[in-house]
Amino acid sequence: MKRLIGWASAALICIAGSAHAGDPSALATQLLDRLDAGQYDAAEAMFSEQMKAAVPADKLKAVWESLPAQMGAMGQRGTARTSEDAGVRLVVIPLNYANGSLQARIAFDPDDRITGFLIQPAAPPPAAAPASDASFNEQPFSVPGSSPEKAALPATLALPKGKGPFPAVVLVHGSGPQDRDETIGPNRPFLDIARGLAAQGIAVLRYDKRTHARPQDFKGSFSIDDETTDDAVAAINALASTAGIDARHIYLLGHSQGGLLAGRIAKASQGKLAGLVLLAAPARPLLDLLAEQNRYMVSLDGNISPEEQTHLEALDAAIAAVRSNPDARLMETPGRFWQQLEQVDPIADVRDSQLPTLLLQGGRDFQVVDADWQRWNQGLSGDRYRFHHYPALNHLGIAGEGKGSLEEYARPGHVDATLINDIAQWLKAQP
């Protein structure tokens, strides 16, 4: 749920294509210049043939012109930063708007073709290390690839100080490319949860999602297991064999799409999990939620402009295409992936896992809404399940006021301490 404007946790736009030979920073700037000038045909000309078909100029226009409606008037761009990994050159350019900052991430292959274009909330500066007198420490960790051809994923283990063994939690991200902190603008919900639980004697493993760490591996067709399930299972297995961890008490906390897939991950982990925590987990098809999110966001000002209506119609057409064609693409993601995701029954999967489950939902969440929360409540009954609803919290578990919006994600905040404490107390209460 993440991109054309849609998302479940972070990014806004994701498209791909090719460019002319030259310096990647200059080419990235050229692409943005063309978009700012309204030269959408010229911008489309920089795309590969595949992306010209998937994101023609009219769709590109609708998406690009929707950004000021969300973020306010555009200001000056920041300085471009270029890096390289495994032959992929990445240019990151800050984009400043009246109501917050975004960043454009534009990737180039060795032939100077643009292979990725992602617009997301601007990354915050690196988080400070835990205080020296904290009751836990953080150490580097590596999540092995689920097969020989898959690279290991960088990770961090927050481990309480003391003898142990300690109960432990694996954090599983929402949709799209996410780092280990699930960084969204200046906010790091997974960092907050990891440190909050570790301070209460619970170890927490968080890792970079494969689509973030290895985007070059996702150019063709891929499945929901390639993107999420396999690495979550590998993280559970790695944690179970780690010194100081109580292998009998390993839990999974899935946020957004990670919660939707929690039951599937539990089945694939073959009995290694002791319970599930679902934070802002969808109970309905993500493509339905994607369309709802977009309509909600463009309607916040009480008016849908012709450009916004064009965007909504283009998004509806793209959703219909991936539902019927496994080779169609939406948000740089193949139809096969979306069709697999549509087949997931998250409530049945959780129920079939027979694991104790804690469900958490914010009342100001506009991405996973009350309709989903009611489905969870109606679909799961009995002492095995616990439900907590927090009226003031948004999709990230951060408190606020009024209607939820994208602008809110650009304001710094922290996951609610009561929510984190509720998770810790539930974990400690498990037999």
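Leaving aside its neighbours within four places in sequence, A240 is in contact with A247 and I250, where contact means heavy atoms within 4.5 Å. This is a predicted model, in which local features need pLDDT of at least 70 and side-chain atom pairs count only at pLDDT 80 or more, while totals for chains, interfaces and linings use all residues. Residues are numbered from 1 along each chain as its sequence is written, and side-chain values use heavy atoms, with hydrogens and water left out. A240 is partly exposed, with a relative accessible area of 23%; on this scale buried means under 20%, exposed over 50% and partly exposed in between, using a 1.4 Å probe and protein chains only. The C-alpha atoms of A240 and L273 are separated by 9.5 Å, although the two residues are 33 residues apart along the chain.

A240 belongs to helix α7, and here helices (H or I, at least four residues) and strands (E, at least two) are DSSP runs, numbered from the N terminus. Helix α7 covers residues 224–240, and its 17 residues reach 23 Å from first C-alpha to last, close to the 24 Å expected at 1.5 Å a residue; the expected span is 1.5 Å times one less than the number of residues. At D230, α7 bends by about 25 degrees, the bend being the angle between axes fitted to the seven residues ending there and the seven starting there. Most of α7 is covered, with 13 of its 17 residues buried.

## The open sheet

Let's turn to the sheet. It is open and mixed in its pairing, with 8 strands in the order β7-β8-β10-β9-β11-β12-β15-β16; two strands pair if DSSP finds at least two bridges between them. The edges belong to β7 (136–143) and β16 (385–390), each with a single partner strand, so one side of each has no neighbour in the sheet. From one strand to the next, the twist averages 20 degrees.

Several of the pairings can be followed in detail. β11 and β12 run parallel and are joined by 5 bridges, with G275 in β12 as the bridge partner of Y251. On to β15, β12 pairs in the parallel sense over 4 bridges, and L278 stands opposite L359 in β15. Strand β15 (residues 357–362) is in turn joined to β16 by 6 bridges, also running parallel, and G362 has Y390 of β16 as its bridge partner.

How many of the residues of β12 are buried? The count is 5 of 5. In a regular strand the side chains alternate between the two faces of the sheet. In β12, G275, V277 and L279 point one way and L276 and L278 the other way, and all are buried.

D246 is found in strand β11. With 11% relative accessibility, D246 counts as buried. Its contacts, leaving aside neighbours within four places in sequence, are P165, F166 and P167.

Axes are lines fitted to C-alpha atoms, for helices over the stretch in contact, and angles run from 0 to 180 degrees between N-to-C directions. In α5, 10 of the 10 residues are buried, among them D192 and R195.

Helix α14 (residues 370–379) lies across β12, β15 and β16, at about 155 degrees to β16. In helix α13 (residues 346–353), P346, I347, A348, V350 and S353 are buried. These buried residues pack against α8 (257–260), α9 (262–268), β12, β15, α14 and β16. Q354 follows α13 and has a positive phi, near 55 degrees.

## Aromatic pairs

Rings of Phe, Tyr and Trp (its six-membered ring) pair if their centres lie within 6.5 Å; planes under 30 degrees apart count as stacked, over 60 as edge-to-face and the rest as tilted. By this rule there are 7 aromatic pairs. F218 and F222 form one that is edge-to-face, at 4.9 Å centre to centre with 90 degrees between the planes, and both residues are buried. Ring pairs link F218, F222, F337 and W338 into a cluster.

Y251 and W426 are also an edge-to-face pair, at 6.1 Å centre to centre and 70 degrees between the planes. Y251 lies in strand β11 and W426 in helix α16 (residues 417–429), so this pair ties together parts that are 175 residues apart in sequence. Both Y251 and W426 are buried.
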